[in-house]
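Here is a friendly briefing to read alongside the model. Please keep the structure open as you go through the points.

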Amino acid sequence: VTISGMLPEYPIPRVSPDDEAIGHLAAEHFLERGYTQFAFVGYQEFDFSQHRLAGYENRLRRGGFATESFLFQQRRNTHPGVDLLTKAPGLRKWLLDRPRPLALFAANAMIGFCTSIACHESELRIPDDIALLDVDNDELLSKLSNPPNSSVALATHRMGYEGARMLDNLMSGVKPLETAITIPPIGVVVRQSSDAL
């Protein structure tokens with residue numbers, strides 16, 4: 001049983017976050033704050049990133065808005081965080097070319113952290129020039145970002161519980177009724193990075 005959104009091609013029972021709902025929630029967060037310019041930073045090769053982008057784009061499209069994307073090329077079978085900072089020069093140039101104020105949704109906490117660094121190195125002010133929202137509610141990476149990043153919080157305790165329940169059933173010889181459980185996010189933890197007027 002896996003509770004990772006990685007490697008979806010492996011046919012094993014899984015519990016994963018609802019990535020499209022995460023993207024939808026991110027768009028709602030920015031729309032409620034009146035933004036009209038939107039962007040996404042994520043991974044080219046990972047399904048969870050693509051699904052989060054799809055949810056974000058779909059909600060924005062329903063509101064009459066579009067989004068632009070910067071996607072990191074990442075080798076398959078590597079952790080989605082390896083070498084991000086070495087690839088940041090392209091991100092810095094891309095950020096400088098975007099209209100402002102910009103509402104930017106990062107696919108996960110690591111990309112949110114790298115984007116925060118890229119903004120500072122480009123002298124872009126957070127949240128005045130770029131409002132930033134990531135995923136995972138990683139408190140350490142949030143605190144390392146300046147200002148701290150807002151984040152979509154995942155229902156990790158529930159995911160762990162459902163994964164353990166599924167594993168217990170398998171170990172007891174009970175065939176699972178469902179082999180893929182999707183858990184919606186809890187909500188947005190608002191911090192300074194998206195707390196702009």
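The notes below cover a helix, its salt bridges, a surface patch and a strand residue.

This is a predicted model, in which local features need pLDDT of at least 70 and side-chain atom pairs count only at pLDDT 80 or more, while totals for chains, interfaces and linings use all residues. Residues are numbered from 1 along each chain as its sequence is written, and side-chain values use heavy atoms, with hydrogens and water left out.

**Helix α4**

- Helices (H or I, at least four residues) and strands (E, at least two) are DSSP runs, numbered from the N terminus.
- Several α4 residues are buried, including Ile 111, Phe 113, Cys 114 and Cys 119; buried means under 20% relative accessible area, exposed over 50% and partly exposed in between (1.4 Å probe, protein chains only).
- The buried residues of α4 pack against β2, β3, α3, β4, β5 and α5, where contact means heavy atoms within 4.5 Å.
- Just after α4, Glu 123 has a positive phi of about 60°.

**Salt bridges**

- The whole structure holds eight salt bridges, each a side-chain nitrogen of Lys or Arg within 4 Å of a carboxyl oxygen of Asp or Glu.
- One of them joins Arg 92 and Glu 121 at 2.5 Å, N to O. This pair links distant parts of the chain, with Arg 92 in helix α3 and Glu 121 in helix α4, 29 residues apart.
- Arg 125 and Asp 129 also pair, at 3.0 Å, N to O, and Asp 129 is buried at 12% relative accessible area.
- Within helix α6, Glu 162 and Arg 165 lie three residues apart, about one turn, and their closest N and O atoms are 2.5 Å apart. Glu 162 is buried at 11%, whereas Arg 165 is partly exposed at 35%.

**Surface patch**

- Val 1, Leu 167, Leu 170 and Met 171 make a nonpolar surface patch with about 360 Å² of accessible area together.
- Leu 167 sits in helix α6 (residues 156-171) and is partly exposed, at 39% relative accessibility.
- Patch members have over 30% relative accessible area and no salt bridge, with like charges joined within 9 Å and nonpolar side chains (Val, Leu, Ile, Met, Phe, Trp, Tyr) within 5 Å; areas come from the Shrake-Rupley method with a 1.4 Å probe, and for residues only the protein chains shown count as cover.

**Thr 182**

- Thr 182 belongs to strand β7 (residues 180-183) and is partly exposed at 46%.
- Beyond its neighbours within four places in sequence, Thr 182 contacts Ser 16, Pro 17 and Asp 18.
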